[in-house]
Amino acid sequence: MLLYLIVNLVIVVALGFIARSIGQFNKTGGGWNFDYSTRDIVIIAVIAAIAGVVNTGTSTVWTLANSSMGPLGGALLQGAFMWAYILAAWLVRKPGAALAVGIIEVAVEVLLGNPTGIASLGWGVTQGLGIEIVLALVNYRKFDLITAICAGAAASQLGTVWTAILFGWDPAFAGDVWLAVPVNLISGAILSGVIGHYLAQAIARTGLVRAAAT
Amino acid sequence: MAETSYSLQYIERDSPLHRAYPLVKLGWVFLVAAGLFLYREPLSGAIMLLLVLLTAVGVARVPPSMVIRSSKLIFGVGILLMFFHFFADPGEPVYHVGPLTITDGGLYEGPIFFFRLSVVVLASFVLIWTTDIRDLMVSLTKAGIPYRYAFAVFLALRFLPLVQREVDAVKAAHAIRGRANRSSLVHRFKLWQRYMFTVLINGLRKAEATATAIECRGFGAYPDRTYVKTVTFHASSLWLPLLFILVTAALLYFERLL
């Protein structure tokens with residue numbers, strides 16, 4: 001399990017460096033600014049509530065596929081949960097936004113009847129951290145499509161660490177855990193990275209959220 | 001249109017568990033979960049399941065019908081996971097089911113994972129059934145989490161019924177324009193995209209208005225805030241985690257002896 005955790009962290013950091021090396025850094029907005037305004041906090045809360053409603057349905061399908069078919073069963077949908085984390089990080093552009101949405105969204109899911117109960121907090125934390133690590137490596141100053149794809153893929157893959165712990169998939173014996181890695185990455189890149197980025201862009205075009213427009 | 005909100009809700013009762021300090025109950029859930037990750041014998045998980053069930057029905061006075069109604073959620077995934085382990089875990093073949101083989105290792109490990117997942121879910125349901133989420137948030141702020149951040153959780157829960165109503169309204173608006181439920185998968189995905197965006201935009205519009213409104217009321221101006229209902233810690237709440245620490249320690253001790 002330790003080897004799996006190390007491999008996952010290496011993948012996440014590598015994705016962070018890919019995001020760092022491609023494209024240009026934002027000159028305005030973002031950065032290591034922890035000063036959350038009330039507006040930021042409310043945006044995080046609203047996105048978490050919406051994602052909680054949407055993801056509860058998805059998580060039921062994912063959990064059934066994962067527990068009955070193993071790591072490969074859930075891999076296709078593994079990346080379908082973090083679009084909201086990316087969206088919040090792209091709209092708020094402050095360290096911790098993705099992690100906060102992860103935790104609050106999962107708390108909402110628990111109340112709505114997530115089939116893994118409070119254990120799902122593990123995914124909120126690991127997936128949120130995946131995005132935060134990638135964004136930290138770009139100094140919270142890059143909010144383009146490549147960064148979103150890398151962050152989505154990283155979150156999707158790091159989330160599988162908790163899945164392996166909770167569902168008892170020992171990577172030393174279960175070859176499926178390793179086979180699922182590329183599927184998890186692609187699923188996260190598309191279903192979270194691309195969708196999250198385009199949602200953020202579309203919302204920025206409406207002019208509703210000021211930070212996103214900068 | 002859906003008026004509600006959560007599938008799982010606080011059940012207002014007067015019981016020792018209801019009176020326990022919310023943060024202590026949250027700690028208890030994590031304690032139960034931690035124990036389940038340490039057990040190596042299915043029997044320990046079974047004992048813990050029985051104990052949490054007794055706590056729910058006997059101590060917290062949760063109606064048994066409520067537990068039975070939620071049993072699909074509590075045990076469903078656990079059962080599937082157990083069957084998966086029967087076939088996936090390494091070990092000596094015991095039975096053959098078509099091309100699949102059930103191993104002795106799987107038969108041993110499967111129930112461990114069934115109890116691990118089911119008991120964690122049951123314990124978190126007990127927490128929700130016996131704890132007003134507002135009280136839990138107040139106790140979190142008392143534990144040192146800045147109230148502005150804890151408020152985000154309050155807000156998410158406040159927005160939840162509004163979001164659900166909004167989803168229903170947008171779905172109904174789409175259904176009126178055609179039989180959305182019977183259209184092709186691609187069309188349904190496009191519809192999903194459309195109503196997701198509508199719900200998001202409406203939500204963010206409300207967020208902007210809410211942020212302005214609460215700032216106008218001085219939210220965030222002071223380091224502390226007041227609450228309508230006070231939540232006070234009593235040392236008597238500690239019976240719950242202490243009891244479970246004792247049981248967990250005893251189970252782990254007997255596991256080592258076996």
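Analyst: First, the classes: Ala, Val, Leu, Ile, Met, Phe, Trp, Tyr, Cys and Pro count as nonpolar, Asp, Glu, Lys and Arg as charged, and the others, Gly among them, as polar. By these classes, the largest cavity is lined by 5 nonpolar, 7 polar and 2 charged residues. The model is predicted: local features need pLDDT of at least 70, side-chain atom pairs 80 or more, while totals for chains, interfaces and linings use all residues. Residues are numbered from 1 along each chain, chains are lettered from A in written order, and side-chain values use heavy atoms without hydrogens or water.

User: What makes a space a cavity, and how many of 30 Å³ or more are there?

Analyst: On a 1 Å grid over the protein atoms alone, a cavity is a set of points where a 1.4 Å probe fits but cannot get out; lining residues have an atom within 4 Å of a point. The count is 3 cavities of 30 Å³ or more. The largest holds about 140 Å³.

User: Which residues lie nearest the centre of the largest cavity?

Analyst: S59(A), F81(A), E109(A), N114(A) and W123(A), out of 14 lining residues.

User: Why are β1(B) and β2(B) called paired?

Analyst: Two strands (DSSP E runs of at least two residues) pair if DSSP finds at least two bridges between them. Strands β1 (residues 93-97) and β2 (residues 100-103) of chain B have 4 bridges and run antiparallel, so they pair. H96(B) has T101(B) as its bridge partner. The hairpin leaves 2 residues between the strands, and G98(B) in the turn has a positive phi of about 60°.

Note on methods:
On a 1 Å grid over the protein atoms alone, a cavity is a set of points where a 1.4 Å probe fits but cannot get out, and a pocket is an open set with protein on both sides within 12 Å along at least five of seven lines; lining residues have an atom within 4 Å of a point. Grid points are joined across faces, edges and corners, and a volume is the space filled by probe spheres set on the points.
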